[in-house]
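Hi,

Here is the structure I promised to pass on. Have a look at it, then read my notes below.

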Amino acid sequence: MSDATANATDAPRRGINLHVLGPVLALIALIVLGAMLNSNFLSYGNITNVLARSAFIGIIAVGMTFVISAGGIDLSVGSMAAFVAGVMIMSMNALIPSLGVGVPLVIAGMVVAIFAGCAAGLLNGFLISKVGIEAFIVTLGSMGVYRSLTTWLADGGTLSLDFAARSFYRPVYYEGFLGISWPIIVFAIVAILGELVMRHTPFGRHCAALGANEQVAQYSAIKVDRVRMATYVLLGCLVGLAIIMYVPRLGSASGSTGVLWELEAIAAVIIGGTVLKGGFGRVWGTVVGVLILSLIDNILNLASIVSPYLNGAIQGVIVILAVVLQREGKSAK
């Protein structure tokens, strides 16, 4: 193992502290608080609804964990999701005359979504790793591009999936296996695979090494550009996967689809303990972060504590506090 990889993977093993246990304790506290405020909070219907609705952000956040741990950022995932959803819906509508409404049409739509997401991630990754433009600038620009393209494709309105196709596709979101909906199952699989890749593969170690010190990573024979580009491609593919789960829920997409998804994904990653400047990623922590944000949103809605329009503001405050705690943790070492 190279020095860069060893330093990146050994840094978080200096002891189990509040920085590690904090997200888990916060999640437990939220569950207790929710149960105290509303008797329906722990009901099967509410829990499965929260998990299913958080699956989209969760799948994307797993990919964001790799991007951030490698020292990058992606502000375009919400707009990318809207664009991928729009392209998927238009493609499925166009293919109905030739494929009909059925399994082949759904599979074709899924392939289009994955391909579109991977292509969008590849474009971001190419501009960042090969052209050398800052990730913040690239993804800020592509955020506007994808959002505008979606609005243009919808002619300022909404792109809707054909009614018959929507009815056939609905079970992908609303049904599942053994009482667990497919979005929850897919999210769990993605999270498990993501944690295994981050912890037990060269790619995961290289992401951490790249985020910790790019120059040292280069000296350690890590192909920096290839690893960085791969993180954005992975994120784009997971955006496509999330959209496969999202489209059957509403059967439509518009310029407002995916608004603030980038904030939620980044917030979940930071809350979960991944270092904002890179060098260390924790997929299981990201899952905890996703659940924390989802439960906060659910508790606020059930208890009517504040207006739901303030949820974005609350998430922003949580991100700031998480970064502050990370800095205090570093200064205490």
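What does the accessible surface of the protein chain come to, and how much of it belongs to carbon and sulfur atoms? It comes to about 15,300 Å², with 68% belonging to carbon and sulfur atoms (areas are from the Shrake-Rupley method with a 1.4 Å probe; for residues, only the protein chains shown count as cover).

A bit of background before the rest. This is a predicted model, where local features need pLDDT of at least 70 and side-chain atom pairs count only at pLDDT 80 or more, while totals for chains, interfaces and linings use all residues. Residues are numbered from 1 along each chain as its sequence is written, and side-chain values use heavy atoms, leaving out hydrogens and water.

Now for the whole chain. Its C-alpha atoms fill a box of roughly 60 × 50 × 35 Å along the principal axes. Buried residues (under 20% relative accessible area, 1.4 Å probe, protein chains only) make up 50% of the 333 residues.

Next, helix 3, residues 44-69 (helices are DSSP runs of H or I, at least four residues, numbered from the N terminus). Of its 26 residues, 19 are buried, so helix 3 is largely enclosed by the rest of the structure. After helix 3 comes G71, with a positive phi near 90°.

Finally, look at S129, which sits in helix 5 (residues 103-129). S129 is buried, at 7% relative accessible area. A polar atom of its side chain lies 2.6 Å from the backbone oxygen of G125. Leaving aside neighbours within four places in sequence, S129 is in contact (heavy atoms within 4.5 Å) with D225, R228 and M229.

Cheers

Methods:
Helices (H or I, at least four residues) and strands (E, at least two) are DSSP runs, numbered from the N terminus. A polar contact is a pair of N or O atoms within 3.5 Å; within protein, one must be able to donate a hydrogen and the other to accept it, and residues adjacent in sequence count only if both atoms are side-chain atoms. The expected span of a helix is 1.5 Å times one less than its number of residues.
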